[in-house]
Amino acid sequence: MLCGVPNHGVYQWDDGLGGEFNGRGPFLRGLNEGESEVTPGTAFLTLRSDGNDKFAQADGRFVGKPGTPTGVTSDGPALKGATNLVLGTIDHRETAYHPRAFREIYKFIAGREPQRLDIVPEAPVKLSGLVTGTPGGVQTNRPVSGATVDVYRVSPDTGERSGGPLHSSQTGADGRWGPAQVDPSWYLEIVLTSPGSTTTHFYRSPFPRSSDIVHLRAARALGAADAGAGAVVLMSRPRGYFGLPRDVILLDGKEPADVKPGVPTDAVTTLRLPDTEGGRPVVALFNSERIVARAWPASENRIAVAELTY
C-alpha cells in the first residue's frame, strides 16, 4: 500500500544521484528497472493525486529550483504491475488520510466496500501517547522525560475550561503520558509543559474513539518574528495541507496570508495578536471543522495550537 509515494522520484536530475528522491539515482533505478516495478507474488496498490501533490510536480519550485523541469509528473507514484488509482485533486498527505483513501485501502485489503466512512464513536474514550522533543530546535522522535500533560474539557464556543484538569501526569524515561478518560463529544485542551520548551496549549475537536498514539511535541520556540506579539496562535493540519482556493480556511475570521495558493504545501498558519487582545477566543475554521482556541501570553513562553483532526 503506497500512498502518494514518489516512486519515480521527486526529480530526475544528473546532480545528486546519491539522493533517495532522485529518479535517476541508483536507489530508485534499482527498484524500478525491469518489466515490473513490484515484488512478484505480492499485490500492490498505489494511490495518487491528480496534480495536487507537491512531490509530483513538473516544475522544481517545491524543491528550490523554480522554472527547472523535474522530469516527474503527477503519474510519478504509479508502478508497473500495481493497481494504480487516482483519487482526484487531493494533497500529498490526503493520499493516505482522506476518507476516499480509506475506502480504496479497505476495498483492496478486504475485497469489499466498507460499511461506512465516518467514525463510530465509542464510550468511554481513553487517550494516551508519547511526548517527544525538539532539542536545539531540531525535531526528534526521542521520548522526553519530566514533561507534564494536563487535559481539560473546554467549551466548543469559547475555548474556556470547564473546571479543573480531567487528567494530569508526568512522563517517565519512556516519554509516555496518559491514559486520560474523556467523552467522545468533548472538545479538549491538552497542555504540554516540557523542560526547556514552549508551553503548548493544544485545542482539539472531540476524539470519537480511543487512541494510544496521541503523540505530543512542544510548539516551536518563539522567535524574532514573534517579537512584540502579545499572543501567538497556530492552526495546524497534521493529516493534510491547506489548499487555496480549494478549502475554506479562516483563522480569527480571516484567510491566512501565510498560506500559499495553488498546490497545497502549507500545514501550519500563524496568527500574532497584540498585547491588548491576549486571552480572548480565536476561531480556527477548516472546511467543516471548527476549533476555538484561547490566546495565551507570549510573555510567559506559551503558544496555543488549534490542531485539526480532519
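**Figure 1. Helix α3, which covers residues 99–110, is twelve residues long.** From the first C-alpha to the last, α3 reaches 16 Å, close to the 16 Å expected at 1.5 Å a residue; the expected span is 1.5 Å times one less than the number of residues in the helix. Helices (H or I, at least four residues) and strands (E, at least two) are DSSP runs, numbered from the N terminus. The model is predicted, and local features need pLDDT of at least 70, side-chain atom pairs count only at pLDDT 80 or more, and totals for chains, interfaces and linings use all residues. Residues are numbered from 1 along each chain as its sequence is written, and side-chain values use heavy atoms, with hydrogens and water left out. Just after α3 comes G111, with a positive phi of about 80°.

**Figure 2. A101, E104 and I105 are the buried residues of α3.** They lie on the same side of α3, because the arc that they cover around the axis is only 100°. The arc is taken from the directions that run from the helix axis to the C-beta atoms. Buried means under 20% relative accessible area, exposed means over 50%, and partly exposed is in between (1.4 Å probe, protein chains only). The partners against which the buried residues of α3 pack are β1 (2–3), β2 (45–48), β5 (83–86) and α2 (94–97); contact means heavy atoms within 4.5 Å.

**Figure 3. Strands β1, β2 and β5 form an open sheet with parallel pairing.** The order of the three strands is β1-β2-β5. β1 and β5 are the edge strands, each pairing on one side only. Two strands pair if DSSP finds at least two bridges between them. β2 and β5 run parallel and are joined by four bridges. Opposite T46 stands N84 in β5. Helix α3 packs on this sheet, where it touches β1, β2 and β5, and its direction makes about 170° with that of β2. For such angles, axes are lines fitted to C-alpha atoms, for helices over the stretch in contact, and the angles run from 0 to 180 degrees between N-to-C directions.

**Figure 4. Y11 and W13 form a stacked aromatic pair.** Three aromatic pairs are found when the whole structure is searched. The ring centres of Y11 and W13 are 4.6 Å apart and the ring planes are at 20°, so this pair counts as stacked. Rings of Phe, Tyr and Trp (its six-membered ring) pair if their centres lie within 6.5 Å; planes under 30 degrees apart count as stacked, over 60 as edge-to-face and the rest as tilted. Y11 is buried at a relative accessible area of 17%, and W13 is buried at 12%.

**Figure 5. Strands β9, β6 and β12 form an open sheet with mixed pairing.** The three strands stand in the order β9-β6-β12. At the edges are β9 (176–182) and β12 (216–217), each of which pairs on one side only. β6 (residues 125–132) pairs with β9 in the antiparallel sense, over five bridges. G129 has W177 in β9 as its bridge partner.

Figure 6. P124 is in the loop between α3 and β6. P179 has its place in strand β9.

Figure 7. D252 is partly exposed, with a relative accessible area of 25%. N301 counts as partly exposed at 33% relative accessibility.

**Figure 8. Strand β7 (residues 148–154) is largely enclosed by the rest of the structure.** This description applies because five of the seven residues of β7 are buried. β7 and β10 (residues 187–193) run antiparallel and are joined by seven bridges. V154 stands opposite Y187 in β10. β7 also pairs with β8 (residues 167–170), over four bridges in the antiparallel sense. Opposite T148 stands Q170 in β8. In a regular strand the side chains alternate between the two faces of the sheet.
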